[in-house]
Amino acid sequence: MYGSASTHDIPAKATTGLENEDPILLAEFEARIARGEKIEPTDWMPQLYRKQLTRMIEQHAHSEIIGSLPEGTWITRAPGFRRKMAQMAKVQDEVGHAQLLYSAAETLGKTREQMLSDLVNGKSKYSNVFNYPTPTWADSNVISWLIDAGAIVNQLANAKGSYGPYCRALDRICAEEAFHLKYGHDAVVHMATGTPIQRKMMQEALNRWWPAIMTFFGPSDKMSTHTEILMRWKVKMATNDACRQQFLDMYVPKIWEIGLTLPDANLRKNEDGVWEFSEPDWEDFKRVINGDGPCNAERIAVRRAAEENGAWVRRAMQQPQARYVRPLA
Amino acid sequence: MNPTLDLLYRLADDQLILGHRNSEWNGLGPILEEDIAFSSMAQDKLGHSLQLYTLLHELGEAEPDTVAFTRNAPQFHCCQLTELPIGEYDFSLIRHFLFDHAELLRFEALADSSYEPLALVARKIKGELKYHVLHANTWVKRLGTATEEAIERMQAALEFTLPYALGIFETTDAEPEIISSGLFIGEKELQTRWEASVSKVLAQTALTLPDLRTLTPVAGGRHGQHTEHLQPLLDEMAEVFRLDPTADW
């Protein structure tokens, strides 16, 4: 899990300011990227590139820790030893991804503390899908399989981007995500081919999650402007629509294969090999991403409580002069 | 109860319940690294309990999933220390410190158990517990020598937790036979070793270990008497499993 393009689009006002950059340095920078070179933390980069990447990596990191909450709820409820241990290891990976990503974002100049503070104060966002509830074990399985699958589509593309630390973090993350996908698929298959109770739970969870999954890659490119410069700088490596098409092509047949249905009568692959579907409710998407979803407040409240309850530990660790005031026996 | 079963149930239930509690730190740790560390220890403990329930299964008890996910609180033999809610980080850290020191010494001793299947499992488990103790010691030394605020919190957590920790060493009727048959060194000997072990670490901090002789151990867990916290934990753990116990999840 859990990064997605859905929150990465550049704000209109942010495209200004390029005229203040040194044109020679900017040309060299763009030439390096065009040659496929990686940009490293100490290299020159335009302010907009730094700002946009910080925002993108930070949101990805936030998505990992916030995303660990709905699945984490099911660690203590996972049915049987095998699932309990796997769910724990899987969710632990996601927290580890957050750790990697905050470190990558810190190379651009913003501290982890500042990023976490912006998260709990609502200044920075995370993947919108985690603002929806996971009322059953099957919902957790849907996340493990299909949200992680969506994230892999996105992250494999972004791993070929231009910023070295982010690409290296993504390479490691994708290797672990590949296991999550297998884990999620296995759990979903067990439910979808299991007892009537299990099959019903799984179908209902899929019906609940499908609209959110369809918005996972963000609004259609027709609606999302300003991506051109991000594509040129290899910050954004694939368009929202291209990612969505790739996801549908890879996973819809697998979903149908195990006897599950999808709640969209218009979903089909046309003669040109392009998937057609009902347009997601982007107004609802906007409303939820701006804070008014079913779980936004709960997710942020949990994170804020963790920050506040753990503050004394961080204060203690930041006082090196207080360490070992007694001799080590 | 047969002394081998009696011992194995106590060992396995401790590991399962504390492993479950440790897993609750997901998303709540004071730093991300601690979410990750507590998850690792939870996974180890779950794995240890599974190995021990498997030994029980080989002795004729039910399948590990059935044993873990269908019993009620009075049928559990964990000490009450393991079942208390995670509370704040100071409590969870001190519990982890006090419990895992005992656990490492316990499994080091069990590596020489006369019951060979248990000795084999113990040799594997003690290698992992070494890292749990290393983790606990590192943090107790760090926070126990840091700010006044941290030292006060750690001292209060230590004083709250110690009576429960002494409950680790509660014995059952099987104790004389457990010792005489060479299954295990016994709880009394373990407690002596444990006191030396935790004292040595605490002496390197600003924390004070109270005189343990003045404390009343919180016992009962080994005989199925538990706090009000265990049954809700078990209900939550089995919430999905019990929807359809015949299903393959």
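A residue counts as buried if 20 or more other C-beta atoms lie within 10 Å of its own, as exposed if 12 or fewer do, and as partly exposed in between, with C-beta atoms placed from the backbone. With that in hand, buried residues make up 44% of the 329 residues in chain A.

Before the views, a word on the model. This is a predicted model, in which local features need pLDDT of at least 70 and side-chain atom pairs count only at pLDDT 80 or more, while totals for chains, interfaces and linings use all residues. Residues are numbered from 1 along each chain as its sequence is written, and chains are lettered from A and ligands numbered from 1 in the order in which they are written.

**View 1. Chain A as a whole.** Welcome to chain A, which has 12 helices and two strands (DSSP runs numbered from the N terminus: H or I of at least four residues for helices, E of at least two for strands). Along the sequence the pattern reads α-α-α-α-α-α-α-α-α-β-β-α-α-α. Chain A has a radius of gyration of 21 Å, close to the 20 Å from the globule rule for 329 residues, so it is as compact as a globular protein of that length (the radius is taken over C-alpha atoms, and the rule is 2.2 Å times the number of residues to the power 0.38). Its C-alpha trace spans about 65 × 60 × 35 Å along the principal axes.

**View 2. Helix H7 of chain A and its kink.** Residues 196-215 of chain A form helix H7, whose 20 residues reach 30 Å from first C-alpha to last, close to the 28 Å expected at 1.5 Å a residue (the expected span is 1.5 Å times one less than the number of residues). At Trp209(A), shortly before the proline Pro211(A), sits a kink of about 40° (the bend is the angle between axes fitted to the seven residues ending at a residue and the seven starting there). Buried residues of H7(A) include Met201(A), Leu206(A) and Trp209(A). The buried residues of this helix pack against H5 (137-158), H6 (164-192) and H10 (282-292) of chain A.

**View 3. Where chain B meets chain A.** The contact takes 47 residues from chain B and 46 residues from chain A (two residues are in contact if their C-beta atoms, placed from the backbone, lie within 7 Å). On the chain B side, H2(B) gives the largest share, 10 residues. The residues of this side divide into 23 nonpolar, 12 polar and 12 charged (Ala, Val, Leu, Ile, Met, Phe, Trp, Tyr, Cys and Pro are nonpolar; Asp, Glu, Lys and Arg are charged; the others, Gly among them, are polar). The predictor gives the complex an ipTM of 0.95 and a pTM of 0.94.

**View 4. Leu56(B) and its neighbours.** Look for Leu56(B) in helix H2 of chain B. Leu56(B) is partly exposed, with 19 other C-beta atoms within 10 Å. Not counting residues up to four places away in sequence, Leu56(B) touches residues including Leu5(B), Tyr9(B) and Val67(B). Leu56(B) and Tyr9(B) are 47 residues apart along the chain, with 7.8 Å between their C-alpha atoms.

**View 5. Helix H6 of chain B.** The 28 residues of H6(B) should span 40 Å at 1.5 Å a residue, and the end C-alpha atoms are 40 Å apart, which agrees. A kink of about 25° is centred on Lys126(B). Among the buried residues of H6(B) are Ile125(B), His132(B) and Trp139(B). What covers the buried residues of H6(B) includes helix H12 (311-317) of chain A, together with H2, H5 (89-110), H7 and H9 (187-202) of chain B.
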